[in-house]
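Reader: Could you walk me through how to read a structure like this one, feature by feature? I would like the general idea each time, and then the case at hand.

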Amino acid sequence: MPKRVQEPWYWKARGAWYITIEGRQRRLAADQNEAHTVWHRMMGMASVEAIPIEGDSEPTLLLGCAVEEFIRSCSGRAERTVQFYRERLTPLRTYLGNEFEVSTLKGYHILWWFDKRPTWGGSYRRGCLVAVRRLLAWAVEAGLLPDGFKIKVKAPEQGRRESLICETEYASMLAYFKGSQFEKALRLAWLTGMRPQELCLARAEYLDRANSTLVFPRAVSKGRARQRVVHLSPKALELCVAEAGARGGSGPLLVNRLGLAWNAFAFSHAFDRYAGRPSKAKDLLEAVEQSPQVVEALGEAVDQPAPA
């Protein structure tokens with residue numbers, strides 16, 4: 001029985017119709033009707049190599065399709081990683097356009113793009129360049145761009161946060177948040193140096209009382225290269241043991257007054273209230289008649305009193 005020839009299929013990332021013959025993908029045409037016409041002509045030929053396909057040169061990879069396919073390929077990774085790429089590549093699509101040919105991307109495109117965004121700092125620009133380089137590396141790995149394709153752009157310097165909190169400021173924060181669940185998060189951050197994201201991710205199961213440590217699994221550790229181990233001082237261990245006991249040994253280590261894990265949104269609003277910056281948290285709650293979903297997002301921060 002003769003082998004059945006596969007029907008044409010559309011390759012979205014390359015914006016054209018293709019046919020797979022003997023394990024090899026061959027471009028037919030960008031238009032569906034034209035592609036089927038070429039396909040029918042191919043079926044009457046004996047040799048695959050002798051098939052004269054019009055426009056069988058390297059296909060065009062469009063920026064819009066490339067970004068969409070790249071983001072889709074990241075679906076199995078952490079949501080923060082997917083969001084990182086989406087937030088930094090979407091402005092590039094807006095600047096260059098979805099129909100921009102990726103194979104024509106040069107360093108000056110990125111430099112001019114940065115010039116159009118004067119409010120972006122060095123750290124954010126560096127992150128954008130990382131996202132673009134990863135997009136190009138993925139396209140090369142997928143065979144959508146020739147081997148070795150890259151752009152030469154000097155990475156902006158990584159900024160450093162030099163605004164440190166002194167003991168006087170820390171004492172002022174403790175006084176402001178005294179008696180709230182957020183006070184416990186502040187104390188643990190001060191005693192351990194944990195990042196805000198780690199405070200949100202910490203769970204009672206991560207507590208190792210015997211070794212006075214919090215051991216974060218590699219899957220939730222920064223970089224995911226190794227487990228993140230936080231060594232606890234006696235005071236930090238006492239706080240963690242108390243909170244883990246209150247959770248029954250499982251669940252988020254630090255929770256707001258509703259028993260929900262803290263998140264970046266609630267942390268931000270808590271410090272906005274402390275600093276006296278405008279916060280729309282309460283207005284938002286009133287607008288949605290205290291929707292449970294919004295209450296969960298805002299957490300304890302919305303009920304902090306205004307600073308005296």
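Reader: Let's begin with Glu-69 and Arg-72: how many residues apart are they in helix 2?

Author: Glu-69 and Arg-72 sit three residues apart in helix 2 (residues 63-73), so about one helical turn separates them. Helices here are DSSP runs of H or I with at least four residues, strands are E runs of at least two, and both are numbered from the N terminus. This is a predicted model, in which local features need pLDDT of at least 70 and side-chain atom pairs count only at pLDDT 80 or more, while totals for chains, interfaces and linings use all residues. Residues are numbered from 1 along each chain as its sequence is written, and side-chain values use heavy atoms, with hydrogens and water left out.

Reader: Which kind of pairing does Glu-69 form with Arg-72?

Author: The general idea is that side chains of opposite charge can pair when their charged atoms come close. A salt bridge is counted when a side-chain nitrogen of Lys or Arg lies within 4 Å of a carboxyl oxygen of Asp or Glu. Glu-69 and Arg-72 form one, with their closest N and O atoms 2.8 Å apart. Arg-72 is partly exposed, because its relative accessibility is 44%; buried means under 20% relative accessible area, exposed means over 50%, and partly exposed is in between (1.4 Å probe, protein chains only).

Reader: How many salt bridges does the structure hold?

Author: There are eleven salt bridges. One of them joins Glu-183 to Arg-187, at 3.0 Å from N to O. These two residues are four apart in helix 7 (residues 181-192), so they too are separated by about one helical turn. Glu-183 is buried at 13% relative accessibility, while Arg-187 is partly exposed at 33%.

Reader: What about Arg-203 and Glu-205: what distance do you find from N to O?

Author: Their side chains meet in a salt bridge at 3.3 Å. Arg-203 is partly exposed, with 30% relative accessibility, and Glu-205 is partly exposed as well, with 42%. Elsewhere, salt bridges with shared partners link Lys-12, Glu-68 and Arg-93 into one network.

Reader: Now to helix packing. At what angle do helix 3 and helix 4 pack?

Author: Two packed helices are described by the angle between their axes and the distance between the axes. Axes are lines fitted to C-alpha atoms, for helices over the stretch in contact, and angles run from 0 to 180 degrees between N-to-C directions. Helix 3 and helix 4 pack at about 100°, and their axes are 11 Å apart. Helix 3 is therefore roughly perpendicular to helix 4; the scale is under 35 degrees for roughly parallel, over 145 for roughly antiparallel, 65 to 115 for roughly perpendicular, and oblique for the rest.

Reader: Which residues of helix 3 meet helix 4?

Author: Arg-88, Pro-91, Leu-92, Tyr-95 and Leu-96 of helix 3 meet His-109, Ile-110, Trp-112 and Trp-113 of helix 4. A contact means heavy atoms within 4.5 Å.

Reader: What do the buried residues of helix 5 pack against?

Author: They pack against helix 2, helix 3 (79-96) and helix 4 (107-115). The buried residues of helix 5 include Cys-128, Leu-129, Leu-135, Leu-136 and Trp-138. Helix 5 itself (residues 122-141) has 20 residues and reaches 28 Å from first C-alpha to last, close to the expected 28 Å at 1.5 Å a residue; the expected span is 1.5 Å times one less than the number of residues.

Reader: Is Leu-136 buried or exposed?

Author: Leu-136 is buried, with a relative accessible area of 4%. Apart from neighbours within four places in sequence, Leu-136 contacts Val-102, Leu-105, Leu-145, Phe-149 and Ile-151. Val-102 is 34 residues away from Leu-136 in sequence, and 8.4 Å away in space, C-alpha to C-alpha.

Reader: And the backbone: what is phi of Ser-212 near?

Author: Most residues other than glycine have a negative phi, and most peptide bonds are trans. Ser-212 has a positive phi, near 55°. Ser-212 is found in the loop between strand 4 (207-208) and strand 5, and is partly exposed at 22% relative accessibility.

Reader: Where is Thr-213 found?

Author: Thr-213 is in strand 5 (residues 213-216). Thr-213 is buried at 5% relative accessible area, and among the residues Thr-213 touches are Tyr-206, Leu-207, Val-230 and His-231.
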